[in-house]
Amino acid sequence: MKILKRIYLIGITISGVTWITGCTSNNMKSEELTKNSYEQITQEAAKEIMDTEDGYIILDVRTKDEYAGGHIKNAICIPNETIDETVTDSLPDKDQLIFVYCRSGNRSKQAAAKLADLGYTNIKEMGGINTWSYEIE
């Protein structure tokens with residue numbers, strides 16, 4: 001009887017430890033995902049913020065040639081392929097609101113993720129200029 005009681009207690013202990021460890025592991029993964037992330041927003045929402053607020057950056061992550069062919073007014077061009085630790089020279093405030101776009105939305109997602117990994121905290125990925133229905137220059 002004592003042996004069954006010990007086996008029962010050991011089983012409960014192992015189950016409890018496994019459960020606690022599993023919960024801790026999942027919480028850490030969730031925190032890591034939140035820490036290095038960006039927000040996708042519609043172009044309509046982005047335009048509304050652009051029209052009512054200031055102090056933001058519009059970041060075009062297409063090539064210099066694509067940028068020269070037409071871009072959103074006041075956008076700066078930093079091609080996705082060049083985004084690394086040196087981007088802080090051009091984007092020194094890691095808490096500044098940054099709208100990121102490209103041609104179709106693929107490179108802007110990549111660039112937004114890179115910026116988040118570099119510690120930028122206020123990134124809004126808004127897709128591609130090919131669906132931008134507002135003024136370009």
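Lys-47 counts as partly exposed at 22% relative accessibility, a class that runs between buried (under 20% relative accessible area) and exposed (over 50%), using a 1.4 Å probe and protein chains only. Its side chain meets that of Asp-51 in a salt bridge (2.9 Å, N to O); the term asks for a side-chain nitrogen of Lys or Arg within 4 Å of a carboxyl oxygen of Asp or Glu. Asp-51 is exposed, at 53%. Both residues sit in helix H2 (residues 43-52), 4 residues apart, about one turn of the helix.

## About the model

This is a predicted model, in which local features need pLDDT of at least 70, side-chain atom pairs count only at pLDDT 80 or more, and totals for chains, interfaces and linings use all residues. Residues are numbered from 1 along each chain as its sequence is written, and side-chain values use heavy atoms, leaving out hydrogens and water.

Mean pLDDT, the predictor's confidence in each residue from 0 to 100, is 84 for the protein. Over residues 16-34 pLDDT stays under 50. Where pLDDT is low, the predicted coordinates should not be read in detail.

## The overall fold

The protein has 4 helices and 5 strands, in the order α-β-α-β-α-β-β-α-β. These are DSSP runs, numbered from the N terminus: helices (H or I) of at least four residues, strands (E) of at least two.

## Two further salt bridges

Among the 5 salt bridges in the structure is one between Lys-124 and Glu-39, with closest N and O atoms 2.5 Å apart. This pair links distant parts of the chain, strand S5 (residues 123-128) and strand S1 (residues 39-40), 85 residues apart. Arg-62 and Asp-60 also form a salt bridge (2.7 Å, N to O), and both are buried.

How values were computed: Contact means heavy atoms within 4.5 Å.
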